[in-house]
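Dear colleague,

I am handing over the structure we spoke about, and I would be glad if you could look through it before reading my notes.

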Amino acid sequence: MDLRAELRVGEYRLRTLTPLDAALVVEATVAEQAPAAWGPRPAGPYTLDEAVTALREWDPDTAEQASIGVFDGGRLVGALGLMPDGPSSAELGYWVRPEYRGRGIAWRCVVALTGWAHRAVALDRIWLVIDPTNAASSRAAQSGADYISKGAGPGPAGPVNPWHRSAIR
């Protein structure tokens with residue numbers, strides 16, 4: 001499964017991140033204090049060593065998952081994670097740096113990457129796991145990508161609300 005992506009979403013460019021992008025991850029997460037949906041610590045800030053390690057763990061050639069950066073010019077303003085959990089299914093996660101939130105970046109990138117993953121990677125099912133108290137994240141799932149809520153349930157860092165989207169080819 002080839003998870004290397006290169007897309008345009010309006011003024012933003014999306015491309016798969018590599019360990020060479022570690023300094024960009026450090027800079028992008030320096031002001032982050034919000035909790036991460038995937039664990040108890042905040043989504044940042046990352047040290048350079050943590051960023052290199054994380055990007056190696058997200059290398060689509062060796063880890064079978066990918067982190068796709070969202071760029072405004074040369075600045076990393078967000079990231080999406082695509083994590084296959086079967087031959088035609090994957091979880092999609094997303095994060096936008098604090099000062100870029102509220103601009104609709106997450107939902108536009110979720111829509112674009114979802115479409116790309118259905119077409120280019122042949123994923124039939126893509127799903128999101130969202131903190132039900134995060135209204136902005138829930139709006140991103142609902143805004144044009146046709147994800148359907150499956151109801152709130154327990155998650156590793158508190159309650160989560162899984163959202164699913166399936167494509168019929």
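Below are notes on confidence, on the overall fold and on one helix.

Please bear in mind that this is a predicted model. The protein averages a pLDDT of 82, and 78% of the residues score at least 70.

As for the fold, the protein contains 4 helices and 9 strands, which follow one another along the sequence in the pattern β-β-α-α-β-β-β-α-β-α-β-β-β. Of its 169 residues, 43% count as buried, while the protein exposes about 8600 Å², with carbon and sulfur atoms supplying 56% of that area. Among the contacts with a separation of 6 or more, 55% are accounted for by residues 24 or more positions apart.

The helix I looked at is α2, which spans residues 48-57 and in which Ala-51, Val-52, Ala-54 and Leu-55 are buried. Why do they lie on the same side of α2? These residues cover an arc of only 165° around the axis, and this places them on the same side of the helix. The buried residues of α2 pack against α1, residues 22-29, whereas the face turned away from the buried side carries Asp-49 and Arg-56, which are exposed.

Technical notes: Residues numbered from 1 in each chain as written. Predicted model: local features only at pLDDT ≥ 70, side-chain atom pairs only at ≥ 80, totals over all residues. Heavy atoms only, no water. pLDDT = per-residue confidence, 0-100. Buried < 20%, exposed > 50% of the residue type's maximum accessible area, 1.4 Å probe, protein only. Helix = DSSP H or I, 4+ residues; strand = E, 2+ residues; numbered from the N terminus. Arc of directions from axis to C-beta. Contact = heavy atoms within 4.5 Å. Areas by Shrake-Rupley, 256 points an atom, 1.4 Å probe, with all protein chains shown as cover.
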